[in-house]
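Please open the model in your viewer and keep the sequence beside it. The tour below moves from the whole chain to single places, and at each stop it says what to select.

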Amino acid sequence: MREENDHFSFSTGVIGYPLLFVLLIWFVYWFEVRFGVDFNHFGVYPRSFVGLRGILLSPLIHSDITHLWHNTMPLLILSAALFYFYQPNAWKVLIIGVVLTGFFTWIFGRPANHIGASGVVYMLFGFLFFKGILAKHFRLTALSFVVVFIYGSMIWYILPIDPKISWEGHLSGLLTGSILAFLIKRGVAKPPMYMWESPDYNPEEDEFLKHFDENGNFIEQLPEEEQGDEEIKIVYQYKTNADRDKTEE
């Protein structure tokens, strides 16, 4: 069984891998600008055999600098959160998530080249949000609320509100992340277990419960055989209404 520190330990990959992803998509865009080439035709083109190559290539391709910048920061932040809070499953989520997001876009997307890393961003958003709620670990749940607080407004773009935006890719990413959150269970931090939740817990050996009878009433004096070497004296103080009025003055 993994200790909690094994799940939430910092490593160079937490920052290194997200930075490599971001540098790669910026390098591809720089290459297009520098050499005057256009990689848009390498995007996901739904229901065509050649369009399948876009499943892996489309996250690297962006239409302009604005498109690239809008995907850069969410990709960097959400992938760093993935590699920190879900280290044992980070690569599994990322690889399967990219493939399924592209494949779902290929199935029901409009006949156009779907490009950009926004589908991956929505996949990460969906996974981090739903997995944190399902895991019931206080750190992962807190992460869910932080993610939805920062990026919750993205949810509107899974709807066809702008013909220039691939809402199909956004919806595919969100669905993929949600599905992975429900399916991946191993290697996720478990909520802390209290002493009384342990299968080996024996109420008769609990020092705290010895101060109560079977009806839950407090026992002021324990039997002599259950008292420790150190004597504990409990003193009760009572105040009358007159004493209380004097105190308030």
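Predicted model: local features only at pLDDT ≥ 70, side-chain atom pairs only at ≥ 80, totals over all residues.

Residues are numbered from 1 along each chain as its sequence is written, and side-chain values use heavy atoms, with hydrogens and water left out.

**The whole chain**

Begin with a cartoon view of the protein, which has nine helices and zero strands; helices (H or I, at least four residues) and strands (E, at least two) are DSSP runs, numbered from the N terminus. Now switch to a surface: the protein exposes about 16,300 Å², and carbon and sulfur atoms supply 63% of it, the areas coming from the Shrake-Rupley method with a 1.4 Å probe, where for residues only the protein chains shown count as cover. Of the 249 residues, 37% count as buried, where buried means under 20% relative accessible area, exposed over 50%, and partly exposed in between (1.4 Å probe, protein chains only). Among contacts (heavy atoms within 4.5 Å) between residues at least 6 apart in sequence, 74% join residues at least 24 apart.

**Helix H5**

Select residues 90-108, which form helix H5. At 1.5 Å a residue its 19 residues should span 27 Å, and its end C-alpha atoms are 27 Å apart, which agrees; the expected span is 1.5 Å times one less than the number of residues. Colour the buried residues of H5, among them Ala-90, Leu-94, Val-98, Thr-101 and Trp-106, and then show what they pack against, namely H2, H3, H4, H6 and helix H8 (167-183).

**The enclosed cavity**

Which residues of the lining lie nearest the centre of the largest cavity? Select Ser-58, Thr-105, Gly-116, Gly-119 and Gly-169, which hold that place among the 17 lining residues. A cavity is a set of points, on a 1 Å grid over the protein atoms alone, where a 1.4 Å probe fits but cannot get out, whereas a pocket is an open set with protein on both sides within 12 Å along at least five of seven lines, and lining residues have an atom within 4 Å of a point. The volume of the largest cavity is about 170 Å³, and H5 gives the most to its lining, with four residues. By class, this lining has six nonpolar, 11 polar and no charged residues; Ala, Val, Leu, Ile, Met, Phe, Trp, Tyr, Cys and Pro count as nonpolar, Asp, Glu, Lys and Arg as charged, and the others, Gly among them, as polar.

**The largest pocket**

Next select His-67, Ser-118, Ile-165, Ser-166 and His-170, which lie nearest the centre of the largest pocket, among its 25 lining residues. The pocket has a volume of about 710 Å³, a volume being the space filled by probe spheres set on grid points joined across faces, edges and corners.

**Two loop residues**

Most residues other than glycine have a negative phi. Select Arg-47, in the loop between helix H2 (12-35) and helix H3 (54-57), where phi is positive at about 60°; at 48% relative accessibility, Arg-47 counts as partly exposed. Finish at Lys-136, in the loop between H6 and helix H7 (138-151), which has a positive phi of about 65° and, at 65% relative accessibility, counts as exposed.
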